[in-house]
Amino acid sequence: MLKIAPSILSADFCNLERDIRRVSSADWLHVDVMDGMFVPNITIGVPVVESIRKYTDLFLDVHLMVEKPGRYVEAFARAGADLLSVHLEADMPPFLKEALHAMDQCGVKKAVALRPITAAEAVLPYLELGVDLVLVMTVEPGFGGQKFMADQLPKIAAVRRYIEQYRPGCDLEVDGGINAQTARQVIDAGVNVLVAGSAVYGADDPAAAIAALRG
């Protein structure tokens, strides 16, 4: 089933509660956590996720764009995250596996994320570990409003093939430059979770934008 996950990175942070309610017709809420080290931007942390959790029942999809993400798994799980994704480029494989194990211990769904430079085959060891989601970035992570990278479509299709072979039922999510047009391309490539920021929050009617993404 297709899921829509508006990214609050494009919301008005002075009116965050209002902007979360404006996307209540979505399935998930995508929360981009950036530390200024893994990516050249700093966004939000644990206290904001904790506050968001108090005001919405939407599934909180928390994307950790941070160095050594295992340090923060427990804190974000306690804050109310439903799913945590960690970048394969953010730490050494043994420590990433420890982070995924910590997610199991904390009772949150676990995911891995890939930057555009990372090959599809990199997900294979993590599919064997039972991840619940793979996130393929279709822009270079760090900032919202970037142009969709169409050269990631073959990689998306390859990840979908790996999922079907090794971890059926695992979700495949994309983040970056998603709008009503590019959504069709990634869905055709096998995606079932769409992250959209400016396409939703930049629209006059966010609910209509979400409906357009559903097609």
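**Figure 1. Asp-32 is a buried residue, with a relative accessible area of 5%.** Buried here means under 20% relative accessible area, exposed over 50%, and partly exposed in between, using a 1.4 Å probe and protein chains only. This is a predicted model, in which local features need pLDDT of at least 70 and side-chain atom pairs count only at pLDDT 80 or more, while totals for chains, interfaces and linings use all residues. Residues are numbered from 1 along each chain as its sequence is written, and side-chain values use heavy atoms, with hydrogens and water left out. Asp-32 belongs to strand S2, residues 28–34. Strands (E, at least two residues) and helices (H or I, at least four) are DSSP runs numbered from the N terminus. Contact means heavy atoms within 4.5 Å. Apart from neighbours within four places in sequence, Asp-32 contacts Ser-7, Leu-9, Thr-43, Ile-44, His-63, Met-65 and Asp-175. A polar contact of 2.9 Å links the side chains of Asp-32 and Ser-7. Such a contact is a pair of N or O atoms within 3.5 Å; within protein, one must be able to donate a hydrogen and the other to accept it, and residues adjacent in sequence count only if both atoms are side-chain atoms.

**Figure 2. Asp-32 and Asp-175 carry the UniProt feature "active site", from an unreviewed entry.** The two span 144 residues in sequence, yet no two of their C-alpha atoms are more than 10.3 Å apart, so they gather at one spot. UniProt positions follow the numbering used here, feature names are shortened, and annotations may be inferred rather than shown by experiment. Asp-175 lies in strand S7, residues 171–175, and is buried at 10% relative accessibility. The side chains of Asp-175 and His-30 form a polar contact of 3.3 Å.

**Figure 3. Gly-197 sits in the loop between strand S8 (193–196) and helix H8 (198–201).** Gly-197 counts as buried, at 13% relative accessibility. With neighbours within four places in sequence left aside, Gly-197 is in contact with Ser-7, Ser-10 and Gly-202. The unreviewed UniProt entry includes Gly-197 under "binding site", along with positions including Ser-7, His-63, Asp-175 and Ser-198.

**Figure 4. Lys-68 has a positive phi, near 50°, in a residue other than glycine.** Lys-68 is found in the loop between strand S3 (59–65) and helix H3 (73–79). Lys-68 is partly exposed, with a relative accessible area of 44%.

**Figure 5. The cysteines form zero disulfides, a disulfide being a pair of cysteine sulfur atoms within 2.5 Å.** For Cys-106, the nearest cysteine sulfur is that of Cys-170, 20 Å away. Cys-106 is partly exposed at 32% relative accessibility, whereas Cys-14 is exposed at 73%.

**Figure 6. The protein chain as a whole has nine helices and eight strands.** The C-alpha atoms fill a box of roughly 45 × 35 × 30 Å along the principal axes. Of the 215 residues, 52% count as buried. Among contacts between residues at least 6 apart in sequence, 64% join residues at least 24 apart.
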